[in-house]
Amino acid sequence: MTATRQTLSDWLRAGIVVWICLLGLMAWGGYVLSGAHPRPVQLPPGAGADFGTDRVRLVSLVAANELEHEGGDPYRPTPGAVFMVAELEVRRGAGDEPCVVQLIATDGRRWRPTTDYRTTKPSVDCSDAPAGSTVGYQAIFVVPAGVTGQIAGVADALPRGGFLLQLLTPPRS
């Protein structure tokens with residue numbers, strides 16, 4: 001009976017050691033995965049950044065309760081939301097990447113632009129612009145109304161490698 005107890009005790013110790021190793025492995029995995037999303041690095045106001053082969057600069061970022069368009073009555077967001085309109089300037093590089101940005105809040109929340117709304121400003125698909133040309137581009141986001149004071153800036157929405165995400169902020173007025 002003593003040999004059986006000793007064997008059981010050895011198995012119990014081994015199980016505890018395995019369990020502790022698994023917990024440590026899960027904690028390490030959580031730590032590693034927490035950095036899986038690129039971390040934003042805020043650039044100086046008005047500075048440009050390379051998004052792939054394109055050079056992008058945020059010209060303005062404003063909140064709006066309505067958007068004028070050619071169809072008549074202005075667009076209004078859903079109750080409790082506002083539009084964030086980002087005006088960007090893009091100097092096209094040699095690549096053919098699409099111009100896609102995301103809006104980032106100071107707490108890390110992110111929004112993709114909506115394609116449901118168009119303004120009176122001519123819509124330019126910068127993907128069609130020839131290399132070396134500079135085009136204006138407008139991205140419209142719908143965000144909760146309470147978030148407007150917590151917007152950190154605009155960043156590239158396409159994963160292009162690396163763990164630093166260049167965060168564009170508009171120039172100071």
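Predicted model: local features only at pLDDT ≥ 70, side-chain atom pairs only at ≥ 80, totals over all residues.

Q: Which residue stands opposite Tyr137 of strand 7?
A: Leu88 does.

Q: What order do the strands take in the open sheet?
A: The order is 2-3-4-7, four strands with antiparallel pairing. Strand 2 and strand 7 (134–144) are at the edges. Each has a single partner strand, so one side of each has no neighbour in the sheet.

Q: And how much twist from one strand to the next?
A: It averages 35°.

Q: How many bridges between strand 3 and strand 4?
A: Nine, in the antiparallel sense. Strand 4 covers residues 81–91. One of its residues, Val90, is the bridge partner of Val56.

Q: Now strand 2. How many bridges to strand 3?
A: Four, antiparallel again, between residues 48–51 and residues 54–64. Gly48 stands opposite Arg57 of strand 3.

Q: What about the hairpin there, how many residues between the strands?
A: Two. Gly52 has a positive phi near 70° in that hairpin.

Q: Back to Arg57. Which side chain does it meet in a salt bridge?
A: Glu89, at 3.5 Å, N to O. That pair links distant parts of the chain, with Glu89 in strand 4 and Arg57 in strand 3, 32 residues apart.

Q: How many salt bridges in total?
A: Six. Among them is Arg76 with Glu66, whose closest N and O atoms are 3.1 Å apart. Both residues sit in the loop between strand 3 and strand 4, ten residues apart. Arg76 is exposed at 53% relative accessible area, while Glu66 is partly exposed at 34%.

Q: Which residue does Arg109 pair with?
A: Asp107, in a salt bridge of 2.9 Å, N to O. Arg109 is partly exposed at 36%, and Asp107 is partly exposed at 48%.

Q: Switching topic: which residues form the nonpolar surface patch?
A: Val18, Trp19, Leu22, Leu23, Leu25, Met26, Trp28 and Tyr31. Together they have about 960 Å² of accessible area.

Q: Where does Leu22 lie?
A: In helix 1, residues 2–34. Leu22 is partly exposed, with 44% relative accessibility.

Definitions and conventions. Residues numbered from 1 in each chain as written. Heavy atoms only, no water. Patch = residues over 30% accessible without salt bridge, like charges linked within 9 Å, V, L, I, M, F, W, Y side chains within 5 Å. Areas by Shrake-Rupley, 256 points an atom, 1.4 Å probe, with all protein chains shown as cover. Salt bridge = Lys/Arg side-chain N within 4 Å of Asp/Glu carboxyl O. Buried < 20%, exposed > 50% of the residue type's maximum accessible area, 1.4 Å probe, protein only. Pairing = 2+ DSSP bridges. Axes fitted to C-alpha atoms, helices over the stretch in contact; angles between N-to-C directions.
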